[in-house]
Amino acid sequence: MKDIYILGIETSCDETAASVVRNGNEIISNVVASQIESHKRFGGVVPEVASRHHVEQITLVIGEALDEAGIRPDELSAVAVTEGPGLVGALLIGVNAAKAFAFAHSLPVIGVHHIAGHVYANQLDGGMEYPLIALIISGGHTELVHMERDGSFRLIGETRDDAAGEAYDKVARVLGLPYPGGPHIDRLAHEADGAVDFPRAWLEEGSYDFSFSGLKSAVINHVHNAEQKGLPVDKANVAAGFQQSVVEVVTTKTVRAAKEYGVHQVIAAGGVAANRGLRASLAEALEAEGIAFHVPPLKLCTDNAAMIAAAGTSMYKAGVRGDLSMNGRPGMELLSWSPSGNAIK
Ligand code: KG4
Ligand code: ZN
């Protein structure tokens, strides 16, 4: 069979990224231009700054991805681009670049949901075995999804307030750590000699939903109380206590879902899947249950375009095609492209 080469483009947040992937599972090139340095001093992503960087970078990044891959546009099968969700101004840059490139080279363009991209990052090393449970845990999302087969998504649980990564970033800020805070909390938690006891949000019996705002407030109160009393805050122990609460709840719910749905495999996706504590806890708990666990290498956990090309390849094979009326869709739903499943907002 002829090889399928897809050019992936991702600009939904603060990384301008392009990649060429062969047959949905082999990275030929993967270029990521991060803007983190520009957003750091604001303590978060500033949408206007993000859009401006994307405009400056996108053509260069696409050119570099093609050069590195040694692939000519006429050898590509399609262009896959993040259509949503994300920052509207940021999404538009990628979508317009993808449409222009596709039009110029007579290629189909495929609009990919950002979360489908994070999930399909798992296809790029090791692969996905169905049925599976995907834990999507990032700065914007915390979801448990049951996938019966390729291209089918059934949402079984989601956060009712903050995403896990958002809680990480806010807690980090209160502790005076740089943005994005997740990696700093992770590091501090491993250096701690103890852990402050924070609550666990289990919610109702049997629920696969999550809640992190109570935990976040508990951490903020703990820090403020100490400051008011003029007591020192042991940042490492606060980080460790916060991380333990997140890891315990996420691991417990994920393992319970995997058992209830009788899946072969659990995969993790999104920036917080880079967390060492979470990876170790999931690996250990799932091994004890005899359930396979797969998580992409760190650089494929955070935003990149190879994951968009990987999901785009599955959509391409399923016959999904977009057209030149495509727009950035900040509130896009994730719909299955193979039968079964429901939508994820
Ligand atoms: O997937 P991602 O790159 O962007 C979104 O789509 O949100 O995820 C970014 C999030 C940030 O909140 C960041 O703090 C968090 O992932 N993150 C981590 C770690 N590395 C990145 N959180 C916890 N531990 C980490 N090691
Ligand atoms: Zn992401």
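How many residues surround ligand 1, and which are the closest? The points below start there. Note that this is a predicted model.

1. **The shell.** Ligand 1 is surrounded by 20 residues. The closest are Gly 139, Asp 169, Gly 182, Gly 271 and Asn 275. By class, 12 residues of the shell are polar, 5 are nonpolar and 3 are charged.

2. **Backbone contacts.** Look next at the oxygen atoms of ligand 1. One lies 3.0 Å from a polar backbone atom of Gly 182. For Gly 165, a polar backbone atom is 3.1 Å from an oxygen atom of the ligand. For Asp 303, a backbone N or O atom lies 3.3 Å from an oxygen atom of ligand 1. On its own, ligand 1 has 560 Å² of accessible area, and the protein covers 88% of that.

3. Tyr 179 and Pro 180 are joined by a cis peptide bond, with omega about -10 degrees. Pro 180 belongs to the loop between helix 5 and helix 6.

4. **Another cis bond.** The peptide bond from Gly 84 to Pro 85 is also cis. Its omega is near -15 degrees. Pro 85 is in the loop between strand 4 (78-84) and helix 3 (88-104).

5. **A positive phi.** Which residue has a positive phi although it is not a glycine? Asn 23 does, at about 55 degrees. Asn 23 sits in the loop between strand 2 (15-22) and strand 3 (26-34).

How values were computed:
Residues are numbered from 1 along each chain as its sequence is written. Chains are lettered from A and ligands numbered from 1 in the order in which they are written. This is a predicted model: local features need pLDDT of at least 70, side-chain atom pairs count only at pLDDT 80 or more; totals for chains, interfaces and linings use all residues. Side-chain values use heavy atoms; hydrogens and water are left out. A residue is near a molecule or strand if one of its heavy atoms lies within 4 Å of it. A polar contact is a pair of N or O atoms within 3.5 Å; within protein, one must be able to donate a hydrogen and the other to accept it, and residues adjacent in sequence count only if both atoms are side-chain atoms. Accessible areas come from the Shrake-Rupley method with a 1.4 Å probe; for residues, only the protein chains shown count as cover. Ala, Val, Leu, Ile, Met, Phe, Trp, Tyr, Cys and Pro count as nonpolar, Asp, Glu, Lys and Arg as charged, and the others, Gly among them, as polar. Helices (H or I, at least four residues) and strands (E, at least two) are DSSP runs, numbered from the N terminus.
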